[in-house]
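I opened my notebook today to look up a few features of a protein chain. Come along and check each entry against the picture.

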Amino acid sequence: MTPATETTYHATALSYRDKGLLLIGPSGSGKSSLALQMIALGALLIADDHVVLRRAGSQVMMRCPPTIAGLIEARGIGVLKAPTEETVALASVVDLGQVEKERVPPHRNVSYLGVEFPLYWRVDAPHFAAGLLHLLAHGRSSR
């Protein structure tokens, strides 16, 4: 069976230094809140609430459905305009529905459209947004 080449997910997507981060998790898990923190630190919004993933060779590209382009929800404030990038290759995934309990977590992976990506779980600490941007910019040690 051939994997799909395009699908839409309930998620939020960001770009930082031309690397894409997909934030997944149940409604209310903090996807938009984390995205707003990361945007304040220099990330660009790809999409909030719905993300289109498309397989392109060995990469998975992320883009926003046109009806919600450039918009992000801030609970208690409203729908805000945000600096955006149209499309970016997915590099890593964060599952906000899972809480990381390990100080140095094991390497995990998740597959989208037949391609494997590093998977991270939510960290309830003030450094989380900055740490994710640093991860995108510089990578993670193999140790």
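**Entry 1: a loop and its backbone**

I began with Asp 18, which I found in the loop between β2 (12-16) and β3 (19-24). A word first: I am working from a predicted model. I looked up the phi of Asp 18 and got a positive value near 65 degrees, in a residue other than glycine. I noted this because most residues other than glycine have a negative phi. Is Asp 18 buried or exposed? I found a relative accessible area of 61%, and the cut-off for exposed is over 50%, so Asp 18 is exposed.

**Entry 2: another aspartate**

Next I went to the loop between β4 (44-48) and β5, where Asp 49 lies. Asp 49 is not a glycine, yet I read a positive phi of about 90 degrees. With a relative accessible area of 32%, Asp 49 is partly exposed.

**Entry 3: strands side by side**

I then followed strand β5 (residues 51-56) to β1, and I saw the two pair in the antiparallel sense over four bridges. Opposite Val 51 in β5 stands Tyr 9. The hairpin of β5 and β6 leaves two residues between the strands, and Gly 57 in the turn has a positive phi of about 65 degrees.

**Entry 4: rings**

How many aromatic pairs does a search of the whole structure find? I got one. Its members are Tyr 9 and Tyr 112, with ring centres 5.1 Å apart and planes at 85 degrees, so I wrote down edge-to-face. The pair links distant parts of the chain, as Tyr 9 is in strand β1 (residues 6-9) and Tyr 112 is in strand β10 (residues 108-112), 103 residues apart. One more ring went into my notes: the charged end of Arg 108 sits over the ring of Trp 121, 3.5 Å from its centre.

**Entry 5: two helices**

Last, I looked at helix α1 (residues 31-40) and helix α2 (residues 128-138), which pack with their axes 9 Å apart at an angle of about 65 degrees. I therefore put α1 and α2 down as roughly perpendicular to each other. The crossing in which α1 passes α2 is right-handed.

Notes:
Residues are numbered from 1 along each chain as its sequence is written. This is a predicted model: local features need pLDDT of at least 70, side-chain atom pairs count only at pLDDT 80 or more; totals for chains, interfaces and linings use all residues. Side-chain values use heavy atoms; hydrogens and water are left out. Rings of Phe, Tyr and Trp (its six-membered ring) pair if their centres lie within 6.5 Å; planes under 30 degrees apart count as stacked, over 60 as edge-to-face and the rest as tilted. A charge sits over a ring if NZ of Lys or CZ of Arg is within 6 Å of the ring centre and within 35 degrees of the ring normal. Two strands pair if DSSP finds at least two bridges between them. Axes are lines fitted to C-alpha atoms, for helices over the stretch in contact, and angles run from 0 to 180 degrees between N-to-C directions. Angles under 35 degrees count as roughly parallel, over 145 as roughly antiparallel, 65 to 115 as roughly perpendicular and the rest as oblique. A crossing is left-handed if the near helix is turned anticlockwise from the far one by less than a right angle, and right-handed if clockwise. Buried means under 20% relative accessible area, exposed over 50%, partly exposed in between (1.4 Å probe, protein chains only).
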